[in-house]
Amino acid sequence: GNDRECFEPPTWAAEPVPGTSLTIISPHVSGETYPPNPVEPVTVPLDTKSFYVFGRNADLCDIHLAHGSASRIHAALVHHSNKRLYLIDLGATHGTTVDGKRAEKHKPVHVHDRARLSFGSLTTQFEVRCPTIPESKSAGGTKRKSDSGHKESSSRKLVKDDGQTVQCSHILVKHKDSRKPSSHKEAVITRTKEEAEKMVLKFRHDIIKASNVQKAFAEYAQRESHCSSWRRGGDVGKFGRNKMQPPFEEAAFALKIGDLSDAVFSDSGVHIILRVG
């Protein structure tokens with residue numbers, strides 16, 4: 001409508017994923033909270049339309065940021081047609097952060113489940129909750145540096161390391177909704193997630209029939225994997241708890257030595273994992 005002329009949603013804005021919400025965790029500081037002086041965190045649904053605008057102008061914004069450091073029209077959360085949620089800083093004077101990292105102005109930032117947003121110098125925290133679909137379930141406020149699932153840092157409480165480690169190899173097939181839909185094998189990846197799953201299950205079917213499963217796995221990884229670990233036959237080395245994306249970690253630790261996983265879905269794509277140690 002006319003009250004949204006200040007924010008023109010991008011062409012990819014789409015129907016929301018049901019169950020998406022925002023939890024507002026406010027300190028007890030007068031004049032700085034939203035809503036004022038809450039006793040418990042407040043949850044606001046984000047699944048009734050394609051985008052939500054944050055800002056100081058209560059008439060123009062869905063989420064009113066009642067603080068001087070907030071811009072009149074500060075930022076927007078927009079549902080993408082790929083079923084993910086993106087934050088766009090709308091040129092806010094004092095900026096917007098996602099898990100402590102400043103968002104570039106007007107550049108969409110993928111927002112994961114349990115990501116923490118902050119606006120200007122408000123001490124109020126806004127935690128995004130996304131439905132538990134495979135692409136976003138694992139993402140909880142993490143920054144990652146590897147398609148094998150290694151995490152660089154995490155805003156979530158660390159799992160206590162009990163000293164247990166596993167050693168695994170994996171084969172990754174990316175799809176168009178992967179976090180980074182390109183690889184050394186394909187510059188632009190267009191296959192669907194379902195097609196990627198079929199591919200890894202075919203590899204699995206062939207590998208388990210081989211007389212030497214570990215050798216066959218390494219050969220398939222070198223030929224087919226979209227992860228840089230293909231050079232090592234898929235080997236990602238030893239790792240302990242809280243070092244990998246949660247779906248990858250859960251599958252790896254559930255395997256016995258010599259076992260081969262079923263299809264495992266992470267933000268990187270679809271994996272099969274072989275536990276070797």
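User: Arg241: how exposed is it?
Analyst: Arg241 is partly exposed in this predicted model, with a relative accessible area of 24%. Buried means under 20% relative accessible area, exposed over 50%, and partly exposed in between (1.4 Å probe, protein chains only).

User: And which residue does Arg241 meet in a salt bridge?
Analyst: Glu249, with the side chains 3.5 Å apart, N to O. A salt bridge here is a side-chain nitrogen of Lys or Arg within 4 Å of a carboxyl oxygen of Asp or Glu.

User: Is Glu249 buried or exposed?
Analyst: Glu249 counts as buried, at 9% relative accessibility. Glu249 lies in helix H4 (residues 246-254). Helices (H or I, at least four residues) and strands (E, at least two) are DSSP runs, numbered from the N terminus.

User: What else does Glu249 touch?
Analyst: Leaving out residues up to four places away in sequence, Glu249 touches Gly240, Arg241, Asn242, Lys243 and Met244. Contact means heavy atoms within 4.5 Å. The Glu249 side chain also reaches the backbone nitrogen of Asn242 at 2.6 Å. A polar contact is a pair of N or O atoms within 3.5 Å; within protein, one must be able to donate a hydrogen and the other to accept it, and residues adjacent in sequence count only if both atoms are side-chain atoms.

User: How many salt bridges in the whole structure?
Analyst: The search finds ten. One of them joins the side chains of Arg129 and Asp113 at 3.1 Å, N to O. That pair links distant parts of the chain, 16 residues apart: Arg129 is in strand E11 (residues 125-129), and Asp113 is in the loop between strand E9 (109-111) and strand E10 (116-119). Asp113 counts as buried at 5% relative accessibility, while Arg129 is partly exposed at 25%.

User: Which residues are linked in a network?
Analyst: Arg114, Arg116 and Glu127 are linked in a network of salt bridges.

User: Switching to H3. Which of its residues are buried?
Analyst: Ala216, Phe217, Tyr220, Ala221 and Glu224. They sit on the same side of H3, because they cover an arc of only 140° around the axis. The arc is that of the directions from the helix axis to the C-beta atoms.

User: Why would residues three or four places apart point the same way?
Analyst: An α-helix has 3.6 residues a turn, so residues at that spacing do.

User: What covers the buried residues of H3?
Analyst: The cover includes strand E14 (165-173), helix H2 (193-208) and strand E17 (269-275).

User: And what caps the N-terminal end of H3?
Analyst: Asn212, with a side-chain oxygen 3.3 Å from the backbone nitrogen of Gln214. Within H3, buried Glu224 meets Arg223 in a salt bridge at 3.6 Å, N to O. Arg223 is partly exposed, at 45%.

User: Where is confidence lowest?
Analyst: Helix H1 (residues 134-137), at a mean pLDDT of 37; strand E5 (residues 75-79) is highest at 96. pLDDT is the predictor's confidence in each residue, from 0 to 100. The chain averages 82, and 81% of the residues score at least 70.

User: What pLDDT do local features need, and how are residues numbered?
Analyst: In this predicted model local features need pLDDT of at least 70, and side-chain atom pairs count only at 80 or more, while totals for chains, interfaces and linings use all residues. Residues are numbered from 1 along each chain as its sequence is written, and side-chain values use heavy atoms, with hydrogens and water left out.
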